[in-house]
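Subject: Structure for your review

Dear colleague,

I am passing on the structure we spoke about, and I would be grateful if you could look through it alongside the notes in this message.

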Amino acid sequence: MSQIFAFTGENELYHGGSIYSNPKEAGSFLSLGDNLVDVFFPRKRARVNAPLVIRGEIMESKKQVSIDSLPDECLYEILRRLPGDQERSTCAGVSKRWLMLLSTIPREELCSMNEAEIKVINEDLGIESDGFLTRSLEGKKASDVRLAALAIGSAGRGGLGKLVIKGSNPGCGVTNLGFKAIAQCCPSLKVLYLWNVSSIEDESLFEIANGCHLLEKLDISNCPRITDKALTAIAQNCPTLNSVSLEGCQNVGNDGLQAIGENCPNLKSVNIKDCPLVSDQGVAKLMSSASFVLNRLKLQGLNITDVSLAVIGHYGKVVTDLVLANLQNVNERGFWVMGNAQGLQHLRSVTISSCRGVTDLAIEAVGKGCPNLKQLVLKKGAFLSDNGLVSFAKVARSLESLQLEECHRITQMGFFNFLLNCGPKLKALALSGCFGFKDTVQGFSLPNVSTPLRSVTLGNCPGLGDMTLDMLATLCPQLQYINFSGLPAITDAGLLSLIKTCDAGSGLVKVGLSGCANITDSVIVSLANVHGGTLEVLNLYGCGKLTDASLVAIAQDCLLLSELDVSRCAVTDFGIASLARSKSLMLQILGLSGCSMLSDQCLPFLVKLGQSLMGLNLQNCNSISSTVIYMLVERLVRCDILA
């Protein structure tokens, strides 16, 4: 009878006969009276474990004992005694409860092997522990559970070195608990990106500061709950921090910048954008504290005045890269003082965008005060004129590259006077969206001199035409890179003059003529004939008058060409066949987007070209069927195909 009371459903009861050795036992239990009957239970497992009532007493069925019945304190003690990272990673996959418990165990409380033993084993297995792993969580994947799993899993695989979190799960986003797991398990973390994570607060960065002392780069964007307290904690506990980027942080102000400047002796780069609480005081505290270490500084969309630029000019002793953008309260005086402070002796690159204080006087002062300036980028300089550009050229003798965007007061006269007065080191010049640039100069005599210019980019200047190209051909015979985009006024005459003149140097290497709708095959034939031995990149996107004749010339003469784009050109299957028949052409990138005259007959030629191709663009080629596209994808295994 004891067999019945002990039954839990694990074993079958029926063995083919009576389960009672004494028939009276059955009678007493089942109340069968004086009739002796053998009772046989069916061959079926019990589906419900319920208490059995026997003569008023409840007999509970035995329950299986599980480790999950232990309280968190006991399970914590068990898990922290696991022998190594691999075992902890395996146990983290048992349940969410185990995962979260493991993620809260500090490494100093782990009762595993000592550091020497771990180091020996890692060396035997070839495992590094310096934080080389990079992990990224975006959108719905950004949650505390995933952060905990990432923290546990990376511990035995080299250590987490870079963590990127973009957005958060709206239902269960990243909180302080997830960052606590990272801090406890990832002391090797060196780079942390937090973009658009509205759920995190100062406590999250407090955890990082207390656990990740090797942090080198911190990038926070649009995290409104982060304040100066968090930055102070990071600065005080992460002495190796060398790069800080803050964008759209509404509650970060001067105190945070002061803490970073005072506590980070290795600080090299600072980027501050759209932080309304940052003022002149914060910039002054940062620059005065990091005067001898800070190399790169970017200030954009801040409520700072001329005082900040004066401080930069005085304390920026080792600054090499400076970006100033959308500073509406900075006037001409600020730039003038910054240049004349004589503190930016090591400045090599300056980018100024949407600052109304950039005038002729201001830009000349910057050129004088920065004797080692090599690159200048000016965007949306509404008050910069030809006189300021020429004055800058005369004083900035180390300049190698100039880029002007949307500077509408710059004209053709100022452009060429700049070339005539620039220093001997100028190599690259770019103009984009300068609507004041027009072919209006008549009888402008050029001296018999040549400039050292190697690269020229002219884009979206509708008034620029063949006259400008003729003058470039005279002044710049050593050009190697030309990029003319969105210039509908230029024709074959101007380009042919430039192509023939540039042969005086080492030959053209990269040529871009996208959107130059009026050029014809004669330009490309001449280009291939004169510069075919040096040409490597050719962009003819949107040159609708080009036909197969251009492709035939390219196939015959361009021996080194690796990138070719003839999208939206009037080429046919015959032109593609000409490219495929070339014995020397080894194209790696081919753009044929919008070539409506191509058909399925170009399949064998594209397959042959595909032996060297790494990228092929067939988008909007409506006459090529999906079947041919599918066959190309199957045959060109090494080539990325856009269709």
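Below is what was found, beginning with the chain as a whole and then moving to particular helices and residues.

Please keep in mind throughout that this is a predicted model. The chain has 643 residues, of which 47% count as buried, and its secondary structure comprises 24 helices and 22 strands. Among contacts in the chain with a separation of 6 or more, 82% are between residues 24 or more positions apart.

Two helix pairs may interest you. The axes of helix α11 (residues 254–263) and helix α12 (residues 280–289) come within 8 Å and cross at roughly 0°, and α11 and α12 are therefore roughly parallel to each other. On the α11 side the residues that meet α12 are Asn 254, Asp 255, Leu 257, Gln 258, Gly 261 and Glu 262, and their counterparts in α12 are Gln 281, Gly 282, Val 283, Lys 285, Leu 286 and Ser 289. By class, the residues of this contact divide into 3 nonpolar, 6 polar and 3 charged.

For the second pair, helix α16 (residues 386–395) and helix α17 (residues 412–421), the axes come within 9 Å and cross at roughly 10°, which makes α16 roughly parallel to α17. Here α16 contributes Asp 386, Leu 389, Val 390, Phe 392, Ala 393 and Lys 394, while α17 contributes Met 413, Gly 414, Asn 417, Phe 418 and Asn 421. The residues of the contact of α16 with α17 divide into 6 nonpolar, 3 polar and 2 charged.

Helix α8 (residues 176–185) is mostly covered, with 7 of its 10 residues buried, namely Gly 178, Phe 179, Ala 181, Ile 182, Ala 183, Gln 184 and Cys 185. In the loop between α8 and β5 (191–195) lies Leu 189, which is buried, with a relative accessible area of 0%. Leaving aside neighbours within four places in sequence, Leu 189 is in contact with Leu 160, Gly 161, Lys 162, Leu 163, Ile 182, Ile 208, Cys 212, Leu 214 and Leu 215. Leu 189 and Phe 132 are 57 residues apart in sequence, yet their C-alpha atoms are 8.9 Å apart in space.

Lys 229, found in helix α10 (residues 228–237), is by contrast exposed, with a relative accessible area of 62%. Not counting residues up to four places away in sequence, Lys 229 touches Asp 202 and Phe 206. The C-alpha atoms of Lys 229 and Ala 259 are 9.4 Å apart, with 30 residues of sequence separation between these two positions.

Finally, a word on the cysteines: the count comes to 0 disulfides. Cys 223 is in no disulfide, and the nearest cysteine sulfur, that of Cys 249, is 5.9 Å away; Cys 223 counts as buried, at 0% relative accessibility. Cys 249 is likewise in no disulfide, and the cysteine sulfur nearest to Cys 249, that of Cys 275, is 5.0 Å away. Cys 249 also counts as buried, at 0% relative accessibility.

With best regards

Technical notes: Residues are numbered from 1 along each chain as its sequence is written. This is a predicted model: local features need pLDDT of at least 70, side-chain atom pairs count only at pLDDT 80 or more; totals for chains, interfaces and linings use all residues. Side-chain values use heavy atoms; hydrogens and water are left out. Axes are lines fitted to C-alpha atoms, for helices over the stretch in contact, and angles run from 0 to 180 degrees between N-to-C directions. Helices (H or I, at least four residues) and strands (E, at least two) are DSSP runs, numbered from the N terminus. Angles under 35 degrees count as roughly parallel, over 145 as roughly antiparallel, 65 to 115 as roughly perpendicular and the rest as oblique. Contact means heavy atoms within 4.5 Å. Ala, Val, Leu, Ile, Met, Phe, Trp, Tyr, Cys and Pro count as nonpolar, Asp, Glu, Lys and Arg as charged, and the others, Gly among them, as polar. Buried means under 20% relative accessible area, exposed over 50%, partly exposed in between (1.4 Å probe, protein chains only). A disulfide is a pair of cysteine sulfur atoms within 2.5 Å.
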